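Hello,

Here is the structure I promised to pass on to you. Please open it next to this email, and then read on for what turned up in it.

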Amino acid sequence: VQLQASGGGLVQAGGSLRLSCAVSGRTFSGLGVGWFRQAPGKEREFVARIGWRGDDIYYEDSVKGRLTISRDGARNTVYLQMNSLKPEDTAVYYCTAGNIYYSGSYYPYYWGQGTLVTVSS
């Protein structure tokens with residue numbers, strides 16, 4: 001599985017960006033896709049994930065209501081729409097693919113390269 005993330009950039013606080021993750025090497029069938037991020041000097045953290053049917057969506061608490069994850073099955077692409085961005089959202093964002101278990105936990109087996117999001121105050 002190959003994951004190609006894009007869409008990062010520089011935006012002012014309150015602005016919006018849309019990240020894309022193109023999945024190749026296999027279809028979405030049975031595959032969950034998630035986003036993680038790593039801010040400078042901080043640990044990598046989970047942001048959001050989506051099930052292979054486009055359901056089973058889960059967000060990290062600090063992004064609820066501002067970020068929206070979605071998928072386009074025809075394009076094998078997952079999107080992360082980011083609105084009302086804050087300086088603390090500044091990070092490298094990583095697209096991942098893996099399993100969503102019955103417990104709801106998500107384990108990423110595949111990682112793409114990161115895309116940098118910088119939010120200025």
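Six strands come together in an open sheet, in the order 2-10-9-4-5-6, and their pairing is mixed. Its edge strands are strand 2 (9-12) and strand 6 (58-59), each of which pairs on one side only. Please keep in mind that this is a predicted model.

Strand 2 and strand 10 run parallel and are joined by four bridges.

Is Tyr110 buried, partly exposed or exposed? Its relative accessibility is 34%, so Tyr110 counts as partly exposed, because the partly exposed class lies between the under 20% of buried residues and the over 50% of exposed ones. Together with Tyr101, Tyr107 and Tyr109, Tyr110 makes a nonpolar surface patch of about 430 Å².

**A threonine to look at**

Now go to strand 8 (residues 77-82), where you will find Thr77. Thr77 has a relative accessibility of 9%, so it counts as buried; the cut-off for that is under 20%. What does the side chain of Thr77 reach? At 2.9 Å from it lies the backbone oxygen of Arg75.

Best wishes

Definitions and conventions
Residues numbered from 1 in each chain as written. Predicted model: local features only at pLDDT ≥ 70, side-chain atom pairs only at ≥ 80, totals over all residues. Heavy atoms only, no water. Patch = residues over 30% accessible without salt bridge, like charges linked within 9 Å, V, L, I, M, F, W, Y side chains within 5 Å. Areas by Shrake-Rupley, 256 points an atom, 1.4 Å probe, with all protein chains shown as cover. Salt bridge = Lys/Arg side-chain N within 4 Å of Asp/Glu carboxyl O. Buried < 20%, exposed > 50% of the residue type's maximum accessible area, 1.4 Å probe, protein only. Helix = DSSP H or I, 4+ residues; strand = E, 2+ residues; numbered from the N terminus. Polar contact = N/O pair within 3.5 Å; in protein donor to acceptor, adjacent residues only side chain to side chain. Pairing = 2+ DSSP bridges.
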